[in-house]
Amino acid sequence: MTLALTRPAPAVASGDEGLLTDGPDGPDGDEGRRRGRRRPLEGRAARRATTARLLLRRPGFLVALAFVVLVVVSALAPGLFTSADPYATAPIDKLLPPGPGHPFGTDELGRDLFSRVLHGGLLTVQAVGLALVLALVVGLTLGVVAGFVGGWVDAVVMRAVDVLLAIPGLLLALAIVTAIGYGTVPVAVAVGIGIVPGFARTTRAEVLRVRTLPYVEAARTGGASWGRVLLRHVLPNSWGPVAVLAVLDLGAAVIAVAALSFLGFGAAPPAAEWGTLISTGRSYLVTSPWLSLLPGVFVGLLVLGLNHVARTLEEVQR
Amino acid sequence: MTAVVVDGPAAGAVAGPAPGPTSGLVSGAARVARGAGLGRYVAGRVAQALVVLWAAWTATFAILWLLPSDPLALLLSANNVEVDSLSPAELAAAQARYGLDQPVLVQYGRMLGDALHGDLGVSITKNVPVTQLLAERLPGTLQLSGLAVLLALAGGLTVAWLAAWVRWRPAKVLLSRLPSAGVAFPSFWVGLLLIQVFAFTLGWFPSTGDEGPAALVLPAVTMAIPTSAVFAQVLTRSLEDTLAQPWITTARATGLSRAGAQARHALRNAALPTLTILGLLVGGTVTGAIVTETVFARQGVGMLAQEAVLSQDVPVVQAVVVLAAAAFVLVNLLVDLLYPLLDPRISHAVRTPAARTPAARTSSPRTSAARTRRRPS
């Protein structure tokens with residue numbers, strides 16, 4: 001909630017966007033052709049600097065970004081933040097409320113919950129990362145092929161994508177998990193396939209837009225092969241919206257991974273993803289509500305931060 | 001369907017609700033086509049929905065029957081039978097029983113034929129026809145989903161309305177940022193929080209179970225929160241765009257209060273684009289039902305899905321996935337058919353080259369919602 005409040009009002013923000021609305025590609029491409037080789041690079045650097053300055057002017061963005069980075073670092077190196085062993089049981093200390101020794105309290109076996117959340121973060125970060133890489137690779141490939149080749153290939157690919165879109169994401173993931181089994185990797189694959197359609201669509205739309213622009217025509221006229229045009233001109237200029245979608249989908253992927261592990265399809269015990277922690281804490285909800293609620297707050301703040309970063313990027317980019 | 005709404009000529013130049021000034025936007029050809037081509041249009045859309053449904057069934061068939069390296073092992077493990085423990089004769093018998101000894105295409109054709117006859121197979125763990133299971137579980141889920149959608153619409157509308165109406169900056173920022181929080185927190189966690197507060201601490205509602213209407217409240221609220229958040233986000237953006245239009249200034253100049261102008265002139269126009277995310281709302285409630293029914297221990301289709309995946313009951317999983325896809329396709333079809341009636345400026349009978357037709361019309365609510373959001377104001 002605090003993250004949300006520190007953000008400047010939308011009206012102010014839309015004033016900033018006006019600075020960039022004359023399009024990221026158009027002027028650059030023109031300049032590139034008119035003034036030789038060095039100019040566009042400088043233009044691009046200047047544009048990046050403007051974007052960076054716009055971002056720095058938003059304290060909410062910085063807070064959100066800092067929290068996300070902190071969570072990722074703590075997931076990759078939990079030892080930096082806690083010395084407690086996530087698997088060391090201590091029956092005497094079971095179900096302690098949050099306090100000085102245990103910031104998040106302890107679970108039913110006396111394990112330190114804060115440490116378990118951080119170590120569970122690694123599993124979640126791995127799953128989300130894998131899902132996103134999968135979605136990016138498959139989605140970008142499908143989108144580029146569909147948008148670039150066109151014709152019946154485009155029709156077939158996009159029909160397939162439409163069909164995947166007609167199946168609600170979590171159910172698609174459930175079907176995939178049924179087929180390939182439980183664990184962190186299957187969950188990641190299931191979530192990744194669920195977000196492929198969005199990437200394929202966005203990439204295709206961008207490729208369709210970019211490939212008709214004058215500089216692509218110029219490059220073709222200049223003798224560049226389609227492959228080169230694709231790699232040097234179309235892909236770099238189609239990136240923006242896809243990258244924003246990637247960040248937006250990060251939040252959705254975190255929730256999906258948590259939901260699947262909550263339903264019991266995640267990593268096997270004693271390892272515990274965030275969803276599993278919340279799920280096991282359910283049995284002690286009456287007496288020890290923090291067991292379920294604190295990991296959930298953690299997940300929620302992370303997703304809030306990710307979504308905020310994505311939306312700010314989207315606004316600044318326009 | 002949705003692309004017409006967003007990309008169509010009328011969407012860019014949204015005018016007042018009065019038919020007079022807007023009819024100019026619809027070309028003569030469109031008006032003729034609307035009369036003559038409506039029947040064909042409806043038939044086409046229904047056929048398209050059926051094709052999508054068939055394709056969704058095929059996709060789940062591919063995932064569940066072709067993806068596993070050994071579907072027989074999957075089916076047998078659901079009955080706690082190890083493949084290795086069977087003699088070759090027993091193995092062959094088991095394969096024949098599930099039809100797995102036949103070529104894939106034959107299996108596919110047989111199962112598709114059965115599905116078309118309303119036979120979705122037999123649950124492996126429960127040994128009951130899947131259709132019977134669904135019939136037992138569906139009413140509870142429908143009740144819950146219906147209430148959740150109503151709550152989501154009411155909640156989303158209230159938040160969006162207030163966010164556009166309130167002028168005090170902190171309140172406005174809070175209201176327009178509230179939906180982000182609604183989307184960010186996982187719904188199973190929200191459900192647990194509600195149980196903790198309203199069932200355990202305050203004791204207003206039962207914590208779990210499906211006895212009586214009081215038990216319906218907490219799960220319905222849990223399911224409504226994420227959907228209403230999405231709805232509120234789209235509606236807020238749409239309301240703000242609409243309120244900036246010149247005809248709102250005109251309405252205000254005629255002496256209408258801000259609330260009056262917002263209610264009578266802005267809301268009706270702003271609400272139209274949100275129709276396109278109705279499919280998303282339904283998809284959201286179906287997936288929401290899985291998690292929510294698990295949290296609240298309600299015997300619905302969602303819980304059935306969770307149990308089926310845990311016990312690898314392939315026919316049940318397949319049926320639930322196809323059922324959800326059917327609900328989604330049906331709602332999108334209804335929105336498609338209703339839209340021209342609600343907004344006469346938009347005629348689906350006309351195909352402009354820009355409206356990447358078949359792709360755009362089966363497009364997801366998510367992408368179209370995104371497109372709505374990205375529409376330059």
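Select B:Ala297 to begin the tour; B:Ala297 sits in the loop that joins helix 14 (278-295) to helix 15 (301-310) of chain B. Helices here are DSSP runs of H or I with at least four residues, strands are runs of E with at least two, and both are numbered from the N terminus. The phi angle of B:Ala297 is near 50°, a positive value in a residue other than glycine. Most residues other than glycine have a negative phi. B:Ala297 has 13 other C-beta atoms within 10 Å and is therefore partly exposed. A residue is called buried if 20 or more other C-beta atoms lie within 10 Å of its own, exposed if 12 or fewer, and partly exposed in between, with C-beta atoms placed from the backbone.

This is a predicted model, in which local features need pLDDT of at least 70, side-chain atom pairs count only at pLDDT 80 or more, and totals for chains, interfaces and linings use all residues. Residues are numbered from 1 along each chain as its sequence is written, while chains are lettered from A and ligands numbered from 1 in the order in which they are written.

Next, select B:Gln312, in the loop between helix 15 and helix 16 (314-342) of chain B. Its phi is near 55°, again a positive value in a residue other than glycine. Is B:Gln312 buried or exposed? B:Gln312 counts as buried because 24 C-beta neighbours lie inside 10 Å.

Chain B contains 18 helices and zero strands, and 44% of its 377 residues are buried. Of the contacts in chain B with a separation of 6 or more, 75% involve residues 24 or more positions apart; a contact requires C-beta atoms, placed from the backbone, within 7 Å. Select residues 138-339 of chain B, which an unreviewed UniProt entry annotates as "domain: ABC transmembrane type-1". UniProt positions follow the numbering used here, feature names are shortened, and annotations may be inferred rather than shown by experiment. This span is 84% helix and 0% strand, with its end C-alpha atoms 28 Å apart.

Turn to chain A, which has 13 helices and zero strands. Buried residues account for 49% of its 318 residues. The UniProt feature "domain: ABC transmembrane type-1", from an unreviewed entry, is placed at residues 121-310 of chain A. That stretch is 83% helix and 0% strand, and its end C-alpha atoms lie 20 Å apart.

Within chain A, select helix 8 and helix 11. Their axes come within 11 Å and cross at roughly 50°; axes are lines fitted to C-alpha atoms over the stretch in contact, and angles run from 0 to 180 degrees between N-to-C directions. Helix 8 and helix 11 of chain A are therefore oblique to each other, given that angles under 35 degrees count as roughly parallel, over 145 as roughly antiparallel, 65 to 115 as roughly perpendicular and the rest as oblique. To see where they meet, show A:Gly169, A:Leu170, A:Ala173 and A:Val177 in helix 8 against A:Ala256, A:Ala259 and A:Leu260 in helix 11.

Finally, show both chains together. Their contact takes 49 residues from chain A and 52 residues from chain B. On the side of chain A that touches chain B, helix 8 of chain A gives the most, with 10 residues.

How values were computed:
Contact = placed C-beta atoms within 7 Å.
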